[in-house]
Every structure is written in structure tokens, then in C-alpha cells.
Amino acid sequence: MTRYICIHGHFYQPPRENPWLEAVELQDSAHPFHDWNERICEECYAPNGMSRMLDGQGRIWKMVNNYARMSFNFGPTLLSWMEEKSPETYGQILEADRESRELFGGHGSAIAQAYNHMIMPLANSRDKTTQVVWGIADFEARFGRSPEGMWLPETAVDLESLELLAAQGITFTILAPRQARRIRRLGARTWKDVSGSRIDPSMPYVIRLPSRRRMVLFFYDGPVSQAVAFEHLLSSGERFGHRLLSLLDGDSPSPQLAHIATDGETYGHHQKFGEMALSYAMHLIEESGVARLTNYGQFLELHDPTHEVQIHENSSWSCVHGVERWRSDCGCNSGGNGDWNQEWRGPLRAALDWLRDRCEPLFEEEAGRMLHKPWAARDDYISVVLDRSRENVDRFMERHGKKSIESADAQRVLKLMELQRHLMLMYTSCGWFFDELSGLETVQVQMYAGRAIQLAEDLFETRIEPDYVSRVELARSNLREHQNGGKIYEKWVRPCRVDLLEVGAHYAVGSLFETYRSHDRIYAFDVESEAPQSHSVGRAKLVTGRISVTSRLTGVRSHQTFAALHLGGHHVRCGLRASLDDQAAYDEMVEAIGGAFKRAAYDEAFRLLDNRFNGAIYSIRSLFRDEQRRVLETVVDGTLEGTYANYRQVYETHAPLMAVLKELDVPQPKALRDAAGLVLNFDLRHAFDADTARADRITALMSEIEGHSVPLEEAALARKIELSLFKMLQSLSQEPGNLELLERLHDIASVAVRLPVGFNLWRIQNLFYEMTRRTYPFFVVQATEGNDAAERWIDRFSSLGTSLKVRIE
């Protein structure tokens, strides 16, 4: 076989973490998901790990891991998020690479990526080096092998970047066809101009570098990649597969590689069910006998390059002007805002360049005092990013310290390394890709700049922020209310800055609403508490305590004392200071404030808080975003309980009248319709509580809802159904012989799928599919031996599969 097909997916999301908390906070624009990473994971990354193949009746007959049969790269910062937040998907990606090695002659389908998606031609040499070194180290830590290839962000390329890849042992990378300048057969003297995407993408090419090193370049097929990404080729898996096969010349005896490259998010996020089209296309190719699926590493082992290539430097796949999209108003944008400009790109990059260059000599001087080679230490700091345990940090200090580094200097070294990490993160390419300076991705790069500024001012005891702000003010927003980059910085970046006192305030206020362990973690901080005391009087609550807050990243610690008072609802008042009182003083404070609280003398307790904490008072606003939202939702739910009771009384009193009005075709008063809607939707959601759900109760409520023509609150109901069915199926998977549970689940699922509500069966189908492979065969054996209960189990389970659209073989 000399004809091959390879499909490459570039899976990437910009880092979205709050730089101070090292966590992605709630993003309302991603609703109903917590944040955009979670949303895209559920729409794309997870579905590609368990992609459905359907039969002619729309039932699932097979689930496949797409990653195992394609070529792919994942951004390291995305995998870091996924490892914690979606470990099952993360595991499927790693397993796919292991499986692909068995399929493709020992060559894994995963390739590495330059670490945080920096545009390499626009980076300085040190940053380029670290991006490559960190990308390789992250890959090796996750996949357990060295990468053969590396994805260059936006395929942006220059010779220096290729030199660095080659020096680190990278064999190949993938470029767009328009990035090729000229080619010739190896050994020939005459070059052929292939500018304008005229290169033959069916073969690999060698590029000879100035250092005399070589690399292999693959140029993907442009038209088909374009059709996948933008022309809805994924609307049919069959058409997609045949389009790929059509790239191959059946008469040519030469080895041929038909290959495409697109954003991986095309398969499911940008194009719904795109992952299923991908699965079917690969299945069609495998069954055709015309070509074999492969990956780049296997193809190179089987077929050496026969031609060499020279490239257009400073070019990319997503900007026809080279790399101008990331530094100027070149005309490339995401569209839809015709009267906007992107003149802000240049001043933003200039401000960040100034910040990087301002910090460079200060870093070298301070780090040089403690470390042998500061920049080599930065390259090696990825080992700490991947493992922040005390033992690993100590090993890092031993490798790079000029002498034994004491605790205070170790903290300074870690701050210096974190400064450098954020000075690189602020160049993440998405900050320039979109249309507006105030967009999420562009604000994010300023967030990284803000964290770098905070660290630099602390380390070097010099003011940097005013000069940065004056420079970024030259970047003008298209939206009048945001004015410029300086105003955006002040509006969205500066309020996010966090210090150890603010972490302590979050802990203190939070302790009014949840119980913390004596050693607990608050985002990127460890908090140790010393015998906190809690008192309640009715709805009011007082918590006092002493805590130590320690940064998990730098080791810096703060000892704090607090007293927090909650009078119900959102009324919270908290005093906190960065000192550890001696026991007598602490006991006296607790007794004074506690005494006033127990007498319900709340005004006196407030005065004591102000006096004892010198006006350092915090409120519910001191909670970080996620916890603040959770607490406020609890407060709102408590408030609504009484409201629902009032509406219920209105509805139950007037339900007979509403029935008569409907029968006589008389319009119902809006107040009565609203009351009915609130009550019946509330009851229907709770009728799906997994532990108590009954099909007859759900059916009766739906009859009542239809009788009053009440519109369903579909989003909330869908989410409740998904959670309830999954929880019940999870219980059944743990106790498969529970026939009563199976029958109840069967009845509820039968009712649920008939409701006029679109809910997501994905997780439920995954678990059910596993049970068809793991649990179902056992009961088949039992039934063949005459077990009546097993026969009943098989009947109910098979019928449940019909409701869930999963075919049981």
C-alpha cells in the first residue's frame, strides 16, 4: 500500500486562568457551562474520545476514540486544565496515543506544541527557546515519550524557530501550503517556485537550515482543510471520507499522503456532530481498501522525502499578510464588525515588549545573585510547573543554586520564575487574534501582564505599573465606554489582583457559609486554621479564628486573625488583619465580640469589629467569583422559598377557576398564569429527583402543565433530567442486580424522552454503552440458564437502550 490519509487536529484553547488564583473562574458568557474550557470540552474534546457511530435507525452501534486514528496536538495549558477538570477525557487522550502506537508501527499520533501558543517569529530568542523546551518537557511528562513533531502556534514560522526545534530533536512540523516558497528534488540544482499554495501536499519535504541541521515539513491540503473548517464538509461523514479519498491519484506508483489540518474544535464545537462525521470518514477509509490511515511519524519511517523546500519566513496559516495579525491592523479579523479597526494591536504588543524588556536586566541581576545560570533555570522551571511538591522544588534549587538556598531566597527565586512565566503567558496569540481590545482573550493577556507587574514591583522595589499603563493607553478600543488599554487595565485587571490578605478575607467570609478543614486549599493557596470558634443565634452567625495563608507557588506565608459576622441574607461583615495576636489578646477579642453577639447587640459587635481590626473590614464582595455566586444563589434560593409558597397558595386556590376559563376559552389573567408556571415547573423539576422520581408523578404533572398551557422552563428541566438519569444509571452500574432500580429507571427514561425538551444523553449513553459491554453479557448467560429474573432484566435493559438510542448486539 502506497496511498495514505492523515487527518490532523490542532486542539487548543487560550489559557483562561485568573493568574492570581491559577483557576478558571465562572464565565457567564459560556452559560450553561461554568466556563469556555468546560463548554468546549463537552462539545468537542470529550465527544471525540467516545464518538458515536449510528446505524440506519439512528441508534449507536459503536463508540470509538477518534484521537487514536488521527494525528493531533493539544496545547499544554489546555491539558493542564483538563487533567484536573475532565480527567476521563484527559485519560482518553493519553490512551489514544498509546493505542496509535500499536496501530501505526510504534509512532504515536500525538505531537507537541510550543508551550503557550506564542507567535514564534515575533518572540525574542530566549522566549522561543523556552517555549520549545517547555512544550517538549510537558509532552514527555504527559505522554511518557519524546515527541517526533511539534505544532508551531498558528503555523507561524521563521528559520530560527525551525533551528530550535531541530536542535531539540524535533523531526517535523506542519505548515500551510502558502508558506512554501520553492522546491527541488534532492540532488537537483534548479528550484521551482511554488508560491501561492502551488506546492504538492502529497509528499514530505526536507528543509536545510543555516546550521546545516535538517527538518521535515509537511504542507497540508489547503482546499479540503478549508472545506472542513468553513464549508460544512462535515455535514456528511460519507462525503468527507470520499473527498479525502479523491485526493489520491490511483494511477501514480509513488507514495502519496493525503492530509489535512484544522483546528480540532471544528470536530464538535464549531460544527455540531463534527466528531461523528470524522469517525465515519475514518471508518469509510479503512473499509475502502483504497488507502490506509496513518500519522506523520509512520509515513516518514516508510517513505523518505525526495524533495527539499524553502519557506516564506514570518508566515502563518491564519494571516495572509504573514504574522501581521499579531502586531498590526492588517485587515485580518474575525468579521462581523465592519466599522471596527485593529489599530490597538501594535500599541498593545509594544507595551508588553516594554514590560518584558524592563524586567529583563532586573531579573538577570537579582537571579544572578542566587542562581548559576538564570535563563537555564527558567528553561528548567517547567519541571516545577508540572510538580510543585516541596521535594521537587528543593531539587530545582539544588540544581541551579550557587549555594544552599535558604527559605527567604527560595521564595525570591520562585517569584522570579513566576515573573518569567507570566511574561511569556502575556504573549498568548489569542490576545491579538480577535477584533476588540476589550475582548476576553485580550483582557486575559493584560491579566498576565498585571501579575508580572505585581511580582516585579515586589521583587525589585520599583514602580512599573504607571509606565506600563501610560504605554497601553495608546491602544484604543472600538467601544467608547472602554476608551483604551489603560482604562481596560484599570477596570478589569487591577481589581483582580490578589494578595495573601485577600485570600484570608475570602476564607474568613467563606467560613460563615461552609466548614473548612484545619488544612485546606483555596485555589493556589494553602490555609491552616487554628481552632476556629463558631456561634449562632437564630439566623445570625459569628466565626472567629487564626489562620496561616501560604502561596503554593512561591511559599510566601502570612499569619492572620479574623472575626466574621453574618446576620442573614447578604449582610456580612468581617474584620481581618495580618498579625497573630498572642493568646491573651486573641481570647479577649473573641470574648468581647462574642459577648456582644450572644446578647444580640449587633451594633456593638460591628463597632468592636471596626475598632479591633482598625477599619480593615470585608464583606460578601471579598469572596472570589465562584464562591460569591454560590453563596448569593443560596441566599436567593432561601428568599425564593417563601415566594414559591405564596405562588403555590395562589395557584392551588385558583386552579379550578383557571380550568373553567380555559374550557370556556376566556383569557386567563397573567398573574394566575405566572403563578401556575412557577409552581408547576418547580414541581416538575423536583419530580425528577433521582432518589424519589416516579414515572406516574411526572406524567400527572405534564398533564396538568398541558391542561393550563404552561410553557416549560426547558433549560433547567433538561439539566435536571440529565443529572437524574445519570445518577440513577450510575447507581445501577454499581448495583446491576437491582431489578427494582432498573425498572424505575426504565419507566422514567421512557417518560423523559417523550417530553418536548431537548436534553443531552451523552454521559448517560457512555455509561450505558459500557454496561452493554461489561454487565449485559453476564445476565445473558444467566438467562440462558433459565433465570427468570435475568430474562426480566434483559428485557428492561434492552428497552432502556431503545429509549437511550443505543443498540444492543
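# Exercises on a predicted model

The second largest pocket of this structure has a volume of about 1100 Å³. The structure is a predicted model, in which local features need pLDDT of at least 70 and side-chain atom pairs count only at pLDDT 80 or more, while totals for chains, interfaces and linings use all residues. Residues are numbered from 1 along each chain as its sequence is written, and side-chain values use heavy atoms, with hydrogens and water left out.

## Exercise 1: the pocket

Describe the lining of the second largest pocket by its residues, its elements and its classes.

Solution. Begin with the term: on a 1 Å grid over the protein atoms alone, a pocket is an open set of points where a 1.4 Å probe fits, with protein on both sides within 12 Å along at least five of seven lines, and lining residues have an atom within 4 Å of a point. The volume is the space filled by probe spheres set on the points, which are joined across faces, edges and corners.

Step 1. The second largest pocket is lined by 38 residues, of which Phe-230, Asp-263, Trp-317, Ser-318 and Phe-433 are the closest to its centre.

Step 2. Among the elements that give two or more residues to this lining are helix H1 (36-49), helix H6 (222-230) and strand S12 (256-263); helices (H or I, at least four residues) and strands (E, at least two) are DSSP runs, numbered from the N terminus. The most comes from H6, which gives five residues.

Step 3. Sorted by class, the lining has 17 nonpolar, 14 polar and seven charged residues. Here Ala, Val, Leu, Ile, Met, Phe, Trp, Tyr, Cys and Pro count as nonpolar, Asp, Glu, Lys and Arg as charged, and the others, Gly among them, as polar.

## Exercise 2: the cysteines

Solution. Step 1. A disulfide is a covalent bond between the sulfur atoms of two cysteines, and the cut-off used here is a pair of cysteine sulfur atoms within 2.5 Å.

Step 1. The structure as a whole holds zero disulfides.

Step 2. Cys-332 counts as buried because its relative accessibility is 12%, and Cys-359 is buried at 0%; buried means under 20% relative accessible area, exposed over 50%, and partly exposed in between (1.4 Å probe, protein chains only).

## Exercise 3: strand S17

Find the strands that pair with S17 and describe the turns that join them.

Solution. Step 1. Two strands pair if DSSP finds at least two bridges between them. Strand S16 (residues 525-537) pairs with S17 in the antiparallel sense over 11 bridges, and one of the bridges joins Ser-529 to Ile-547 in S17.

Step 1. S17 also pairs in the antiparallel sense with strand S18 (residues 557-566), over 10 bridges, and Lys-541 has His-566 of S18 as its bridge partner.

Step 2. The hairpin of S16 and S17 has two residues between the strands, and Gly-538 in its turn has a positive phi of about 65 degrees. In the hairpin of S17 and S18 there are five residues between the strands, and Gly-555 takes a positive phi near 80 degrees.

Step 3. S17 (residues 540-551) is mostly covered, with 11 of its 12 residues buried.
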